[in-house]
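Please read this briefing with the sequence and the structure side by side, and look up each residue as it is mentioned.

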Amino acid sequence: MTRRKRSAICYTAYVSGGFLLSLVGPQIWNVDPLVAFVAAWTTALCFAIGHIFIAVNARSEDKTAQLEIRNQDFEDGGRPIEPGPPAPDNVQDDDDIEARLRALVQRVSERCSGSASRRLESSEHALQAMITDAVAHSRVRLHLQPIVQLPSRQTVHYEALSRIRDANGKVIMPAEFLPAAARAGLGGALENMQLAQVISLCRQIGGRHEDTRIFCNLSQAAVADHAFRRELLGFLGTHRALVHRLIFELSAASLNSLDDDALADMSALEALGFHMSVDDVSLSELPDLRTRFENIAFTKINADEILAADAARLSQIANGGVQIIAVRVESERQAVALLDAGIGFGQGFLFGKPRPARVGAGAETQPRSPSARQRAA
């Protein structure tokens with residue numbers, strides 16, 4: 001029931017109570033009818049005024065919470081990832097891994113300076129040229145956003161996200177650069193760089209935080225690119241230790257658009273032992289996704305959609321064999337309701353915003369330790 005409906009019911013009760021008291025008051029209180037009338041309606045008016053003050057205060061608190069979510073510099077909950085000295089790789093030596101990563105970034109730069117630059121359109125020339133320059137000069141920065149376990153709010157996983165800086169150091173957000181990059185054919189270049197940075201970060205973490213997974217996004221354009229899939233499978237096939245660190249994340253639309261060749265390569269990725277997370281999933285899509293893709297370990301669903309579902313559907317979700325991560329969690333009210341619904345994981349600005357990851361020497365700071373407020377929670 002909405003707050004407005006509850007208020008309407010309360011006001012109706014106050015008016016009805018005042019009316020009834022004005023009728024039966026003379027007999028109950030043994031007073032003059034005029035006195036009973038004034039006393040009854042004064043009482044009803046006091047209740048109504050008190051209700052108004054309570055409603056205004058609640059609305060003010062909600063607005064304050066929303067402003068805090070958008071403006072406060074949240075600190076990550078749970079334990080941070082603190083990269084240390086590279087751990088030995090049991091499959092291949094460190095020099096070989098570094099050489100392959102450098103070669104991957106070099107191929108990305110060559111692609112950006114070649115075919116991609118010829119596809120720039122005049123209306124977006126400046127933005128797309130900036131993206132090309134940022135990729136060619138390694139100004140694509142890896143950020144990590146925490147995924148927490150409920151109810152403890154302990155950080156258990158991270159999602160890898162990219163931010164771009166222009167030549168002047170200004171940060172360009174994904175909502176601005178991703179559509180332009182896709183239209184210019186630069187999406188694959190950005191993903192290659194993000195993947196190289198994630199793999200480098202995984203090597204720095206080594207054997208520490210062994211239960212923590214890094215969620216790495218693959219776009220629809222990337223999974224549709226045969227050359228990209230072959231290169232990815234070839235690299236992962238020789239670095240099987242990453243099975244216990246990486247979760248590849250695709251949107252539900254990307255999975256549903258795969259042709260037979262792409263499906264075969266995704267099955268090969270699963271055969272190597274890698275699991276998947278599916279983002280932008282609706283509740284109605286879950287049964288079909290579970291049937292078609294056996295190695296889906298996590299599905300991400302908007303918190304508001306989860307909370308709008310009925311109790312039977314929520315019980316089915318919680319017992320379906322796939323871990324549900326509620327995303328876009330921005331208020332304490334959502335967090336409490338998700339816990340009541342049996343959802344075990346959450347992601348959103350309430351728990352921590354994306355922060356720069358430390359990848360290699362001289363990189364930016366890693367996610368920080370939990371704030372006092374989060375520790376108290």
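Q194 counts as buried in this predicted model, because its relative accessibility is 6%, and a residue is called buried when that value is under 20%. The residue belongs to helix α6, and, once neighbours within four places in sequence are set aside, Q194 is in contact with L142, A160, L161, S162, C216 and N217. In the protein as a whole, which has 377 residues, the buried ones make up 44%.

**Overall build**

- The secondary structure of the protein comes to 15 helices and 10 strands.

**Nonpolar cores**

- The largest nonpolar core holds 58 residues, and within this core L236, F248 and F274 are the ones that touch the most other members.
- Helix α6, which spans residues 187-205, supplies the largest share of this core, with 6 residues.
- Apart from this core lies another one, of 15 residues, which includes A134, F177, L186 and A189.
- F274, leaving aside its neighbours within four places in sequence, is in contact with L236, L242, V243, L246, F248, L269 and N295.

**Two pairs of packed helices**

- Two packed helices are described by the angle between their axes and by the distance between the axes.
- Helix α8 (residues 226-237) and helix α10 (residues 260-271) pack at an angle of about 15°, and their axes are 11 Å apart.
- Since angles under 35 degrees count as roughly parallel, α8 and α10 are therefore described as roughly parallel to each other, and α8 passes α10 in a left-handed crossing.
- On the α8 side the contact is made by H226, R229, R230, L233 and L236, while on the α10 side it is made by D261, A262, D265, M266, A268 and L269.
- Sorted by class, the residues in the contact of α8 with α10 are 6 nonpolar, 1 polar and 4 charged.
- Helix α4 (residues 125-136) and helix α5 (residues 174-183) have axes that come within 10 Å and cross at roughly 90°, which makes α4 roughly perpendicular to α5.
- In this second pair, L127, Q128 and I131 of α4 meet E176, F177, A180, A181 and R183 of α5, and the residues of the contact divide into 5 nonpolar, 1 polar and 2 charged.

**A buried residue in a strand**

- F345 is found in strand β9, which covers residues 345-346, and this residue counts as buried because its relative accessibility is 8%.
- Not counting residues up to four places away in sequence, F345 touches I147, V148, Q149, L150, V156, Q323, I324, I325 and A326.
- F345 and A335 are 10 residues apart along the chain, and their C-alpha atoms are separated by 9.9 Å.

**Backbone features to look for**

- Most residues other than glycine have a negative phi, and most peptide bonds are trans.
- The peptide bond from L150 to P151 is cis, with omega near 10°, and P151 is found in the loop between β1 and β2.
- S138, in the loop between α4 and β1, has a positive phi, near 55°, and at 42% relative accessibility S138 counts as partly exposed.
- R328, in the loop between β8 and α14, also has a positive phi, near 60°, and at 49% relative accessibility R328 counts as partly exposed.

Methods
Residues are numbered from 1 along each chain as its sequence is written. This is a predicted model: local features need pLDDT of at least 70, side-chain atom pairs count only at pLDDT 80 or more; totals for chains, interfaces and linings use all residues. Side-chain values use heavy atoms; hydrogens and water are left out. A nonpolar core is a set of buried Ala, Val, Leu, Ile, Met, Phe, Trp, Tyr and Cys residues joined through side-chain atoms within 4.5 Å. Buried means under 20% relative accessible area, exposed over 50%, partly exposed in between (1.4 Å probe, protein chains only). Helices (H or I, at least four residues) and strands (E, at least two) are DSSP runs, numbered from the N terminus. Contact means heavy atoms within 4.5 Å. Axes are lines fitted to C-alpha atoms, for helices over the stretch in contact, and angles run from 0 to 180 degrees between N-to-C directions. Angles under 35 degrees count as roughly parallel, over 145 as roughly antiparallel, 65 to 115 as roughly perpendicular and the rest as oblique. A crossing is left-handed if the near helix is turned anticlockwise from the far one by less than a right angle, and right-handed if clockwise. Ala, Val, Leu, Ile, Met, Phe, Trp, Tyr, Cys and Pro count as nonpolar, Asp, Glu, Lys and Arg as charged, and the others, Gly among them, as polar.
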